[in-house]
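I opened the notebook to record what I looked up in this structure. The entries go from model confidence to strands and then to charged pairs.

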Amino acid sequence: MNRASFISQLRRARGGKILVLFAVALPMLFGMLGLVIDGGMLFAERRSTQQVADAAAAAAARTLASGGSPAEAVAAATELVKTHNGLGSANVAVHVPPILGDHAGLSGYVQVEIDTSVKTAFMQVLGSDDSSNVVTRATAGYEPATVGAAVVVLDPNPPEISLAPLTITLPIPLVLPGLLGGFEVLGLGTVQVDGAVLVNNTWGGVDEDGNPIGESQLLEHAVRCMPLLPLTRLRATDIRVVGGVDDPDYYASTIPGESSPLQAGRLPVPDPYADLPAPTVGVDPANVRNQYYGGVTVINIPILFPPVVLEPGVYDWIQVVTGPVTFRPGVYIIRGAHPLTGIALNLLAGPVVADGVMFYITDTAAYSAVGGGPDSSDGETAPPAPEVLTLLPSVLINAAVLGNRLSGLNDPGSPFHGLLIYQRRTLRKPMVIASEQLLGGLLGQNSFSGTVYSKWGHVILALNGTYDARFVVGTLRCVNVLACRLAPTDLLPPAMDVFLVE
């Protein structure tokens, strides 16, 4: 055999071997290609599903932090996974509290596990299943972000409010500018709050660093100071705002030298009294009575006559022109207004002693202390309102009269414990509470204490001195000549923030 023939045969042999090796190696090459492509697809799907699990756990924890039930938290997480992220066929397990990990069994935490099937493109060539399971898990919880609250301002976008002309006088002027903030501080002095100020108002302004936040409309801000002197400030342990403020320099800590307590652009807080029932005999038989007294106007002569004594029950209005007057402890349901002043509770003069009482203000003339309807079905929805509300106040209290003393219901077994004024949720009527103690201690301090709750109402405070008082209201305006300090003995729940912990 010549050299050329030998080389030709050798080449044919090698070519055959290469074909055999290629035929043997081809499935392996496809398998490796499948591993790369399908593995990358599974990795991407796992990462995407993990993000969904994180968001679902955070949504469930936020539901709990807002006062929702475990069942509502489960529903929120499941809806986010299946509906909002298109994983309708995924198996979703939500555990409240978690059952695995460092936070197993801890209240305030939620664990979400997602098990979803992913179609593969090449793995089935090797005889594997045409799909693989991706399992992800996330745990989230909520923790306090502030100290307990002394002031909670609930209305996210209140209407303009204007007080109608009044036929009575107070130690403060009632000619005030239009509403420019969910929480306003006006006047000459400092308002100090020993606790957190939590404001759900969404109006814009700037944050604690002076950066623009939200959509500001002219001069409106979620929290606003209108200083007439450099001393006009809001001082608090924490100031947490959904929207923005006018100037971060106006807001400071109660402790000199401490960093700013302002937190702007935060999540809203729930109504701490969202589950508070309307007062009925069935709800609180110890303090609510169904006795009807009609409308009461008291014109007494101090020193010459003993105090007029009022009993808990149902009234059309209560007006005290001169005292002395004593309110027995219990709940006073006021379901109308004085035909001349248009005010439901008018404590113009005194002395008035009302220790351990709660005034419930409603506009339901047929309200019964037995059934509680229709107030008992008001719910959380904001009542409709025009752009500008021109209203007479429902409550006017002049607490600066010598000898005046008002304090909230004192019964730890009652759902109304600590409340001094509770206005029906659907009422936007303003309240005016004045105690301008211009002579300081001579007139006494803490003449007004307890909690004022008016979910959608506007409250105007003209207080100087120190008060054991809390306010949960739609909007709040403080007008003071000197310094006002709110120092409640008991604080409301703090603001909560949600954290992803696993």
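**Entry 1, confidence.** I began with pLDDT, which is the predictor's confidence in each residue, on a scale from 0 to 100. The protein averages a pLDDT of 84, and 80% of the residues score at least 70. This is a predicted model, in which local features need pLDDT of at least 70 and side-chain atom pairs count only at pLDDT 80 or more, while totals for chains, interfaces and linings use all residues. Residues are numbered from 1 along each chain as its sequence is written, and side-chain values use heavy atoms, with hydrogens and water left out. I noted one stretch to treat with care: over residues 439-446 the pLDDT stays under 50. For that stretch the model has 11 contacts (heavy atoms within 4.5 Å) beyond four places in sequence.

**Entry 2, an open sheet.** I took strands as DSSP runs of E of at least two residues, numbered from the N terminus, and I took two strands as paired if DSSP finds at least two bridges between them. I found an open sheet of 4 strands in the order S15-S17-S20-S24, with parallel pairing. Its edge strands are S15 (308-310) and S24 (405-406), each of which pairs on one side only. Within this sheet I looked up S17 (residues 325-327) and S20 (residues 352-354), which pair in the parallel sense over 2 bridges, with Val325 standing opposite Val352 in S20.

Is strand S11 buried or exposed? I used "buried" for under 20% relative accessible area, "exposed" for over 50% and "partly exposed" for in between, with a 1.4 Å probe and protein chains only. Of the 8 residues of S11 (residues 234-241), 6 are buried, so this strand is largely enclosed by the rest of the structure. I then listed strands that pair with S11. Strand S7 (residues 191-199) runs parallel to S11 and is joined to it by 7 bridges, and Val191 has Leu234 of S11 as its bridge partner. Strand S12 (residues 251-252) is also parallel to S11, with 2 bridges, and here Leu234 is partnered by Tyr251. Strand S13 (residues 262-263) is joined to S11 by 2 bridges, again parallel, and Ile239 has Leu262 as its bridge partner in S13.

Arg477 is buried at a relative accessible area of 3%, and Glu184 is buried at 0%.

I next looked up Glu208 and Arg266, whose closest N and O atoms are 3.7 Å apart in a salt bridge. Glu208 is partly exposed, with a relative accessible area of 25%, and Arg266 is partly exposed at 28%.

Which residues are linked with Arg424 in a network of salt bridges? I found Asp363, Asp375 and Asp378 linked with Arg424 in this network. Between Arg424 and Asp378 the closest N and O atoms are 2.8 Å apart, and these two residues lie 46 residues apart in the chain. Arg424 counts as buried at 10% relative accessibility, and Asp378 is buried at 15%.

Conventions:
Salt bridge = Lys/Arg side-chain N within 4 Å of Asp/Glu carboxyl O.
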